[in-house]
Amino acid sequence: QVQLVESGGGLVQAGGSLRLSCAASGRTFSSYAMGWFRQAPGKEREFVAAISWSGGSTGYADSVKGRFTISRDNAKQTVSLQMNSLKPEDTAVYFCAAGFALRTIVGGVCDYWGQGTQVTVSS
């Protein structure tokens with residue numbers, strides 16, 4: 001079992017930055033690919049970024065490429081999402097997730113989910 005808890009959300013002006021963190025518990029954390037998803041009010045959950053279990057491979061949604069960076073620290077059992085040049089359309093609840101592999105995360109298939117953290121970007 002893996003438990004995930006997100007933090008770092010908040011209110012930021014357009015063009016600003018936020019860093020989200022996801023703290024995991026469970027001895028199998030390092031065996032999982034990790035990812036970030038987001039869901040805005042009235043919209044479906046969408047993939048944002050993913051990283052392989054080793055951290056050697058990453059994937060991003062086209063909408064965030066060049067602005068967001070996902071990273072992980074298996075020793076600390078954390079995964080982070082650095083968000084730069086934020087836009088109002090980035091406003092959403094951001095969820096941390098764990099899955100079998102990078103490609104499965106990208107496809108939205110995850111085994112564990114956090115409760116989410118709110119990110120609000122004002123114009």
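Select Cys22: at 1% relative accessibility, this residue counts as buried (buried means under 20% relative accessible area, exposed over 50%, partly exposed in between, with a 1.4 Å probe and protein chains only). The model is predicted, so local features need pLDDT of at least 70 and side-chain atom pairs count only at pLDDT 80 or more, while totals for chains, interfaces and linings use all residues. Residues are numbered from 1 along each chain as its sequence is written, and side-chain values use heavy atoms, with hydrogens and water left out.

Cys22 and Cys96 form a disulfide with their sulfur atoms 2.2 Å apart (a disulfide is a pair of cysteine sulfur atoms within 2.5 Å). The two residues lie 74 residues apart and link distant parts of the chain, with Cys22 in strand 3 (residues 18-25) and Cys96 in strand 9 (residues 92-99). Strands (E, at least two residues) are DSSP runs, numbered from the N terminus. The torsion about the S-S bond is about -80°, so this disulfide is left-handed. A search of the whole structure finds one disulfide.

Now select Cys110, which is buried at 15% relative accessible area. Its sulfur is 9.1 Å from the closest cysteine sulfur, in Cys96, too far for a bond.

Finish on strand 7 and strand 8 (residues 78-83), which pair in the antiparallel sense over six bridges. Select Phe68 to find its bridge partner in strand 8, Met83.

Key
Helix = DSSP H or I, 4+ residues; strand = E, 2+ residues; numbered from the N terminus. Pairing = 2+ DSSP bridges.
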